[in-house]
Amino acid sequence: MSGTLSTLKYYSCHEWVRILASFAIVGVTEFVSGLKGSIKLSCDVDYNKVYVPGEQIGTLETQDGEVLPFYIPVSGYIVGVNNHPSIDTGNPYGDGWLLIVKIMEESDIAKLMTESEYDKTFKRTPMFAYA
């Protein structure tokens, strides 16, 4: 998978997670952005709420008008949202981040997939939750 970084972790709904101290920067993988093109996050974040892994926190809107669910991969408070009008499909692992989460349960990180695990899981599965 070109463009992925081995230091990232991955969630089963095609989110990538970059851990920086006690924060998680979250975005969607090139697998989604490559299939769907330009993507915009739409969410109504409650900054005082502790979200849990797998909780839907918003939707991703594609350039074709398709609406896809967007889930949080780790528990914690959302402290930042990318307010750009659309996600940079050319660099989903850089400027294409969607959220910054203050991690509340460090054990959630161990439940995320490595790059190798993500590749093995989804290279064998042509269609997925966002199909």
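**Entry 1: charge over a ring.** I looked up Lys102 and found its charged end over the ring of Phe23, 5.4 Å from the ring centre. The criterion I applied requires NZ of Lys or CZ of Arg within 6 Å of the ring centre and within 35 degrees of the ring normal.

**Entry 2: basis of the values.** I note that the model is predicted, with local features requiring pLDDT of at least 70 and side-chain atom pairs counted only at pLDDT 80 or more, while totals for chains, interfaces and linings use all residues. Side-chain values use heavy atoms, leaving out hydrogens and water, and residues are numbered from 1 along each chain as its sequence is written.

**Entry 3: aromatic pairs.** I searched the whole structure and found 1 aromatic pair. The ring centres of Tyr10 and Tyr118 are 4.8 Å apart and the planes are at 25°, so I recorded the pair as stacked. Rings of Phe, Tyr and Trp (its six-membered ring) pair if their centres lie within 6.5 Å; planes under 30 degrees apart are stacked, over 60 edge-to-face, and the rest tilted. Which parts of the chain does the pair link? Tyr10 belongs to strand β1 (residues 9-11) and Tyr118 to helix α3 (residues 115-123), distant parts of the chain with the two residues 108 apart. Helices (H or I, at least four residues) and strands (E, at least two) are DSSP runs numbered from the N terminus. I found Tyr10 buried at 0% relative accessibility, and Tyr118 is buried with a relative accessible area of 0%. Buried means under 20% relative accessible area, exposed over 50%, and partly exposed in between (1.4 Å probe, protein chains only).

**Entry 4: positive phi.** His14 lies in the loop between β1 and β2 (15-20) and is buried at 0% relative accessible area. Ala21, also a residue other than glycine, has a positive phi near 55°. Is Ala21 buried or exposed? Ala21 is exposed, with a relative accessible area of 71%, and I located it in the loop between β2 and β3 (23-28).

**Entry 5: nonpolar cores.** I defined a nonpolar core as a set of buried Ala, Val, Leu, Ile, Met, Phe, Trp, Tyr and Cys residues joined through side-chain atoms within 4.5 Å. The largest has 25 residues, of which Leu60, Phe70, Ile78, Leu99 and Val101 touch the most other members. At least two residues of this core come from each of β3, β4 (39-42), β5 (56-62), β6 (67-71), β7 (76-81) and β8 (99-103). Another core, of 8 residues, lies apart from it and includes Trp16, Ile25, Met113 and Phe122.

**Entry 6: Glu15.** I placed Glu15 in strand β2, where it counts as buried at 0% relative accessibility. Its side chain reaches the backbone nitrogen of Tyr71 at 3.3 Å.

**Entry 7: salt bridges.** My search of the whole structure returned 1 salt bridge, the criterion being a side-chain nitrogen of Lys or Arg within 4 Å of a carboxyl oxygen of Asp or Glu. Lys49 forms a salt bridge with Glu55, with 2.4 Å between the closest N and O atoms. Lys49 is partly exposed, at 30% relative accessible area.

**Entry 8: disulfides.** How many disulfides did I count? The count is 0 disulfides, each requiring a pair of cysteine sulfur atoms within 2.5 Å. I also looked up Cys13, which is buried at 13% relative accessibility, and Cys43, which is partly exposed at 28% relative accessible area.

Technical notes: A polar contact is a pair of N or O atoms within 3.5 Å; within protein, one must be able to donate a hydrogen and the other to accept it, and residues adjacent in sequence count only if both atoms are side-chain atoms.
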